[in-house]
Amino acid sequence: MMNTSITDIDLSSLKNALTTTTLSQQMVSLANSTFRLAASAITRLQQQQRCEAELASLAHLPEYSLEQVSWHDQEDDCWIVLNDKVYNITKLIHNHPGGLEVMMEQAGRDATLAFRSVGHSIDTIEQVDEFLVGILPVRERMYLRSAK
Ligand code: HEM
């Protein structure tokens, strides 16, 4: 005859409870990972949609290569590139709140990182398109790339 003690029963239910808890924890962790993956896929999709919409709104602009931009590096003819877009900032440089010198250091160049590193205000960032004159050719773009 089997001799099952109370301690044996307790230990066995404890083991069962532990297994169930571990399984539940694994399921919660799996659900979390799935949720995070879905959330990042949605974010990527939204970013891509914004990028496609921006590209469509810029489609009418002429393309200028980085080399062509580099020809405009003078105080009376000053272009820069920001986020793959080409800006003629000749009229701005003498009134620029950050000064003329910083602008001339970027004249004729891709100023994206310098512009971002200053931490320009949201208002300023929204107003730069006032100086927009073109866009880089697809082969030279780093930010505005179509997924199509
Ligand atoms: C279209 C291009 C640009 C526009 C419209 C613009 C406009 C402005 C404006 C309105 C401000 C006042 C503060 C603010 O709004 O953040 C400012 C500040 C400044 N900008 Fe620009 N900027 C341009 C490009 C650049 C570039 C390429 C640089 C290069 C580093 C630069 C460097 C600075 C600096 C150093 C300040 C002063 C920041 C401070 O004193 O806190 N900006 N700019």
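Two strands are taken to pair if DSSP finds at least two bridges between them. Helices (H or I, at least four residues) and strands (E, at least two) are DSSP runs, numbered from the N terminus. By these criteria, S3 and strand S4 (residues 132-135) run antiparallel and are joined by 3 bridges. The model is predicted: local features need pLDDT of at least 70, side-chain atom pairs count only at pLDDT 80 or more, and totals for chains, interfaces and linings use all residues. Residue numbers start from 1 along each chain as its sequence is written.

**Overall architecture**

- The protein contains 5 helices and 4 strands, and along the sequence these follow the pattern α-α-β-β-β-α-α-α-β.
- The radius of gyration, taken over C-alpha atoms, is 29 Å, well over the 15 Å that the globule rule gives for 148 residues, so the protein is more spread out than a compact globule. The globule rule is 2.2 Å times the number of residues to the power 0.38.
- The C-alpha trace spans about 105 × 35 × 25 Å along its principal axes.
- Domain 1 (1-60) and domain 2 (66-137) divide the protein, with bounds that come from an automatic or database domain assignment.
- The centres of domain 1 and domain 2, taken over C-alpha atoms, are separated by 46 Å.

**Burial and contacts**

- Of the 148 residues, 15% are buried. A residue is buried if 20 or more other C-beta atoms lie within 10 Å of its own, exposed if 12 or fewer, and partly exposed in between, with C-beta atoms placed from the backbone.
- Strand S2 is mostly covered, with 5 of its 6 residues buried.
- Among contacts between residues at least 6 apart in sequence, 73% join residues at least 24 apart. A contact requires the C-beta atoms of two residues, placed from the backbone, to lie within 7 Å.

**The sheet**

- The 4 strands form an open sheet in the order S1-S2-S3-S4, with antiparallel pairing.
- Strand S1 (73-74) and S4 stand at the edges, each with a single partner strand, so one side of each has no neighbour in the sheet.
- S1 and S2 form a hairpin with 2 residues between them; their antiparallel pairing comprises 2 bridges, and Gln74 stands opposite Asp77 in S2.
- Strand S2 (residues 77-82) pairs with strand S3 (residues 85-88) in the antiparallel sense over 4 bridges.
- Bridge partners in S3 include Asn88 for Trp79, Tyr87 for Ile80 and Val86 for Val81.
- The hairpin of S2 and S3 has 2 residues between the strands, and Asn83 takes a positive phi near 50° there.
- Tyr87, the bridge partner of Ile80, also stands opposite Leu132 in S4.
- In a regular strand, side chains alternate between the two faces of the sheet.

**The ligand shell**

- The ligand is surrounded by 19 residues, of which the closest are Pro97, Gly98, Ala114, Ser121 and Thr124. A residue is near a molecule or strand if its C-beta atom, placed from the backbone, lies within 6 Å of it.
- Helix H3 (100-106) and helix H4 (112-118) each supply at least two residues of this shell.
- The shell residues divide into 13 nonpolar, 6 polar and no charged. Here Ala, Val, Leu, Ile, Met, Phe, Trp, Tyr, Cys and Pro count as nonpolar, Asp, Glu, Lys and Arg as charged, and the others, Gly among them, as polar.
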